Every structure is written in C-alpha cells, then in structure tokens.
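User: I've got a model open and want to talk through a few local details. Can you walk me through them?

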Amino acid sequence: MLPLSRRLTSANFKASHLLSSKTSFSSSSHVLSRPTVEFIGLCSSGHLREAFERFKLEIWSDPNLFSHLIQACIPKNSLPLARQLHSLIVIAGCSADKFIANHLMNLYCEYGELDQAEALFGRMPRRNVMSCNILLKGYLKADNLEGARKVFEEMPDRNVPSWNAMITGYVQSKRNGEALSFFSEMHKEGFLPDVFTVSSVLGGCAGLRALYAGRQAHSYAVKSAFEPNMVVASSLAHMYMKCGSLGEGEAVIRSMPVKHVVAWNTLIAGKALNGSPEGVMDQYNLMKIAGQVPDKITFVSVLSACSDLATLGQGQQVHAEAMKRGATSAAGVASSLVSMYSRCGCLEESMKAFSECKEKDVVLWSSILAAHGFHGKGEKVIELFEEMQEKGIEVNEITFLSLLYACSHCGLKDKGVEFFTMMVERYELKPRLEHYTCMVDLLGRSGSLHEAEETIRSMPAKPDAVIWKTLLFASMVHKNTEMAKRAAEEVLRVDPQDSASYVLLSNIHASAKRWKDVSEVRKSMRDQNVKKEPGISWVEIKNRVYQFIMLDKSHPHYAEINIYLKELIAEMKLRGYIPDMGSVLHDMDDEEKEHNLVHHSEKLAIAFALMNTPAGSPIRVMKNLRVCRDCHVAIKYISEIKARQIIVRDSSRFHHFKNGSCSCGDYW
DNA sequence: GTAGGGTTAG
C-alpha cells in the first residue's frame, strides 16, 4: 500500500474513495451508520491504530471522525500518537476546521504541550469563546495561572464557563482571595453564576475560612434553587465545617435526600477537622450501616483518625476493608496506612504498606521518613532520604521537616545542620517557622543552647509560643535555669494561657528555693485562670479503649489498680528504683509527691493492661503529654520485671521499652 | 467544567 501522504496527493484519491463507497457514510446523517459506530467503538476502547487503518477512507469523507480519534487519544496518554494524528490531520487538510482545531488544541492542553496549543490558537482565523476557553483551561491545568489570566484578559468575549474556569483554577491553586475577586467581577459584569460557579466559590470560602462570604453564597444557592445539586450541597457542607461551624454543615448533609459517598466523606472529614476522631469513627460506622461503600478518600480520613486515636485494632480493621476494596494501592491510602501503623507503634507494618505501594509520591516518601523519625530510627531516615534522592523523587518542605525532626530526635546534630543548609541552598526551599522550630530543638537538645536561642532571634519568621517552648524544654534538660526563665517568659508573653510553661517556671524557681517567685507564678496562673492540663493515657485492650486520668480516683477499677501498683512499685524498689521527686511540683511533702507519681496516668494504664492482657503480650499506651522522667525510669523497670514489651506513644514520639531499657536511649 | 482525602515542628 502507498504511504498515506502519497495516496492523499495522488489523483486517484477520488477513485479509491468511490470504490469504497459501499462502506462510506455521510457526516450530515443523523443516524449513525454501522461503520461509524464501529469506528467510535474502536477509538473509545483504545484501538486507535486499528481504527485508523480500517476506516481511513471514511475519515477522508467525514473529517469529523478525526474528533473521535482525537478524543480517544487523550486517555491513551501517548504524546507520539497525538503528534502522528496531528500530522495526519494536516495532511488531510483539515487542520483549519474550527471544530477539529479546537479538539486538537484540547489534546495538546491535556498533554501540557502549551506551545503547540498556542501555535494552533495563533493560526485560528477567528477565535471564538470555545477556543479561548480550551486554551485557558490548558494553562490552568498546567498550573500556569498567569498564562491563563492573559488568555482570559485578551478574550474577545467570555461566557459563564470562562469565568468558572478562572474561579476554579484559582481555588485549586489555593489563591482563594483572587478567585473570589473573579466572582465579584463576574457578578458586576452581569453574568449569572451557575452550579459550577457556586460550588467553586464555596470551595474558595472554605479555603479562606470566610464564613460570612460562605453564607452569602449559600443564600444565593437557595435563591437560585441550586441547593438540591449534590455538588453544591457537599461544597456547602464542607465550607461550613471548614469554617468551624460543624452544626450548620451537618444540617446541610441531613437535608440531602440521598447521601452520596462524597457527602459521607465531607461529614467524616468535617469531624476530623473539628478535632473529633471519635466522631470520624462513628460516622464511618453509620456510613457502612447505611449501605454506602467507602472509597479511597473515606479510607484516608478514617485511617488518619485511627492514627490520632492510636487504636491499632480499629486501624487494622479499616486496613482490611481498604484491601478488600482494592484501595491500598493508592498513594494517599498508603500514606495514611504508613502514618497509622507508625503512630500505633508498628513500624514494620508501616514499611510493609510503603513497599507494597507501587506508585510512590512525595507524600508517601515523607510519611515513611516521618514514621521512622517517630520511632527514633534516625539512620534509617537518612538512608531512605538518600534513596529518595538517588531515585530522583521530588522533595518538598515537608520532606525536610520529617528529616530535621528525625535528626533532632536522634541527636544527629551535624546531619540536621547539613540538611537545613541543603534545603535552603540546593533545593532553594524557604524554611518555615516549623523548620526553625526543628532546628531549635536539634541544637538545644544536643546542648548548643546559645546557638538555639540565636536561631530564634535571627530568623526571619515571627517566633510563636511553640518555638520558645522548645527552647524552654531544651534549657530545662540541660539545667540552664537562666535561659529557661527567659524562654518561659517569652512563651507566656505570646500565649499567657500556656499551663505547661507556668509549671516549668514555677519548678525552676522552686529548685532554686525562690519560694516568693513560686507563689507569684501560682498567682498569675490563678489570675489568668490557667489550669494545668491533666495527664491522660489510653490503652486499647481487645478493641476497647480505656482512658486513665492522673490521680483519678473515680475510675471504676481504681481500687484494684492501686493495690496492683503498690505491689509492683515495692518490687521495683527492691531492684533499685528510686522515685524521681523532681518530676513533681515542689510544694508538697515527699509522701504526697510519691503518691502523685504513682498515679501518673501512664502508670495506671500500664498496670491496668498488665492485669488484663495475657503474659508476654506487648502493651501499647498513648499519652497526651510527654512521658515524665520518673515514669520513663519506672517503665524500664516494669518491662524487665514483667517481661513485657511496653510501647508508649507520648505527645512527641515513641518509646519502646524492653528488658529494662528504652529505644530512645534516654534521649528525648 | 463543579464537591470530599494523605505526609508535617512542640
């Protein structure tokens, strides 16, 4: 057979066309002929080459068939194929056809080939709204907002979809303020917003936490009868929940006649946003009772809630369900799994979820780094990071945050400094306050207190209570009372409600026997109406979570736990345990102090778990505050005496106690 | 063409 180009230019084209007239069809016909149907079928099932070879002649007689071919090219994700198609179209002399040119432009936009799209656009004799919108969306898809804006501004006329594209594009790039400006401009120019506009605008309001603007959009939606639209309704609910108005969000969802999976997910995410992981689990269960099938986004939210709650049993059940639905291959679900297992104390399972995911992205890589950092495996974090670099995986601010965090928790000061420099110089990433906080932690805890303080004083970001608290903690560890005092005062200047800093400040004064200062701190605590945050621990036994509050006598098992602990502590003392009175406030007598220590929530939880789980099984406890020095020593003894592995997750990391020692190497 | 999600300092 002649090459196509030859056949085209050859004079016998017409003849060959006529020869095949039996199978040819007319473009004006409304009834699709059998070959057309067959051709479309081949295209949409991805058999492009076959479609082209078999229906060459039909294509010549009806160039619109090219459109089907072009559209079928998009999901094939093959740029070479697209280019071949383009040259065929040029050869066929159809490239000036407005309809085909638009399709081609769209094709190049899909592949991010904006130069090609621009070239086609430039050759168009008359640019209609449709062509402009296609190019506009191409720029938005490529995250090139400036390019999109230029096209938008130079458009001869616009329609509602043009405005919608701009609003959506800006919302998706988190430039919500500008998105809303487009909306008001659109309104001024007399365009009528549709459901698409309203949905995007609500997304913008959610991003800005702009409840007032969100309410206005809501009343517009009501007036225009858009509320029954599923997308509008879920956007509305999301907006309310993101703005902290959980009740209004729930009301919107309640009013939906049919709760679609997205509505459930919005509700679930809303519970998470408003700090209620228990609520997340409740809604997830209700969703399943209602017969709704969870999707990968459901799993992501629910698994994150499990990692907040540190309820391994529940997490495993959700994991099983996700596996059943084939959702674990998605990078998002894998990231949540990595984080959940790590935060529930099972690092091996994190690693398994990580390895099993085939399409790893930055977030998943950052999750596995953070997971190892959380367990004090600094060397492994560095090894994984190097692997990441070798493989040329994208690196972002959060990757570095995980890295720096790992270094500070493992005492790898030099490595941490090296990574911080690498981040700024090689990757040109701008450190955020969080990165500086990691550096202060890294420097301070490894003993370079002055460098740490200097970091705060010289950084471009405005210090918050957290960074000063980090310095405060480091100066307490290294017993630099002058610096601790300075840091505590800075914390309280930024956040006068910070109870932990009052307690630390009062302890500093007490250890220097400055009783007058102690009572002054106590007085300002009273004046500010600050209450010490009570220590709370949780332990999961047979899928039930038990909560223990420090000194809580109202606990139903208080009496038994008390007897058990007394015996245990007597045995510990025989082996050399001495209660560390320094971990208690200084204005009580020793007996009272010891009673206080014995009833720290983690000791209660561990005692309860020892009483209620089979010998030799590991115990996993979660605590809201950091483990105190005394408990840390005590748990080491308990792990030896009872021959149990005790895994404690405190507010900042994991401690694996085994045979009388802890994985953190007493550095925490 | 529009909606919901993941990693992250203390």
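This is a predicted model: local features need pLDDT of at least 70, side-chain atom pairs count only at pLDDT 80 or more; totals for chains, interfaces and linings use all residues.

User: What is phi of Leu-551 near, and is the residue buried, partly exposed or exposed?

Analyst: Leu-551 isn't a glycine, yet its phi is positive, near 60°. Its relative accessible area is 35%. Buried needs under 20% and exposed needs over 50%, so with 35% Leu-551 is partly exposed.

User: Which loop holds Arg-209, and what is its phi?

Analyst: Look between helix H14 (195-208) and helix H15 (211-223), where Arg-209 is in the loop. Relative accessibility there is 48%, so Arg-209 counts as partly exposed. Arg-209 is not a glycine either, but it has a positive phi of about 50°.

User: Is Ser-234 buried or exposed, and which backbone oxygen does its side chain reach?

Analyst: Ser-234 belongs to helix H16 (residues 230-242). The cut-off for buried is under 20%, so at 9% relative accessibility Ser-234 counts as buried. Leaving out neighbours within four places in sequence, Ser-234 is in contact with Val-262 and Thr-266. Its side chain reaches, at 2.7 Å, the backbone oxygen of Met-230.

User: How about His-450: is it buried or exposed, and which residues does it touch beyond four places in sequence?

Analyst: His-450 lies in helix H29 (residues 449-458). Exposed means over 50%, so His-450, at 58% relative accessibility, counts as exposed. Not counting residues up to four places away in sequence, His-450 touches Asn-480 and Met-483.

User: How do the axes of H26 and H28 sit relative to each other, and what is the handedness of the crossing?

Analyst: The axes of helix H26 (residues 397-409) and helix H28 (residues 433-445) come within 9 Å and cross at roughly 15°. Angles under 35 degrees count as roughly parallel, so H26 is roughly parallel to H28. The crossing of H26 and H28 is left-handed.

User: Which residues make that contact, and how many fall in each class?

Analyst: From H26, the contact residues include Phe-400, Leu-401, Leu-404 and Tyr-405. H28 contributes, among them, Cys-438, Met-439, Leu-442 and Arg-445. By class, the contact of H26 with H28 has 8 nonpolar, 3 polar and 4 charged residues.

User: Which helices do the buried residues of H35 pack against?

Analyst: In helix H35 (residues 590-598), the buried residues include Lys-593, Asn-596, Leu-597 and Val-598. The buried residues of H35 pack against helix H34 (558-574), helix H36 (601-612) and helix H37 (629-641).

Methods
Residues are numbered from 1 along each chain as its sequence is written. Chains are lettered from A and ligands numbered from 1 in the order in which they are written. Side-chain values use heavy atoms; hydrogens and water are left out. Helices (H or I, at least four residues) and strands (E, at least two) are DSSP runs, numbered from the N terminus. Buried means under 20% relative accessible area, exposed over 50%, partly exposed in between (1.4 Å probe, protein chains only). A polar contact is a pair of N or O atoms within 3.5 Å; within protein, one must be able to donate a hydrogen and the other to accept it, and residues adjacent in sequence count only if both atoms are side-chain atoms. Contact means heavy atoms within 4.5 Å. Axes are lines fitted to C-alpha atoms, for helices over the stretch in contact, and angles run from 0 to 180 degrees between N-to-C directions. Angles under 35 degrees count as roughly parallel, over 145 as roughly antiparallel, 65 to 115 as roughly perpendicular and the rest as oblique. A crossing is left-handed if the near helix is turned anticlockwise from the far one by less than a right angle, and right-handed if clockwise. Ala, Val, Leu, Ile, Met, Phe, Trp, Tyr, Cys and Pro count as nonpolar, Asp, Glu, Lys and Arg as charged, and the others, Gly among them, as polar.
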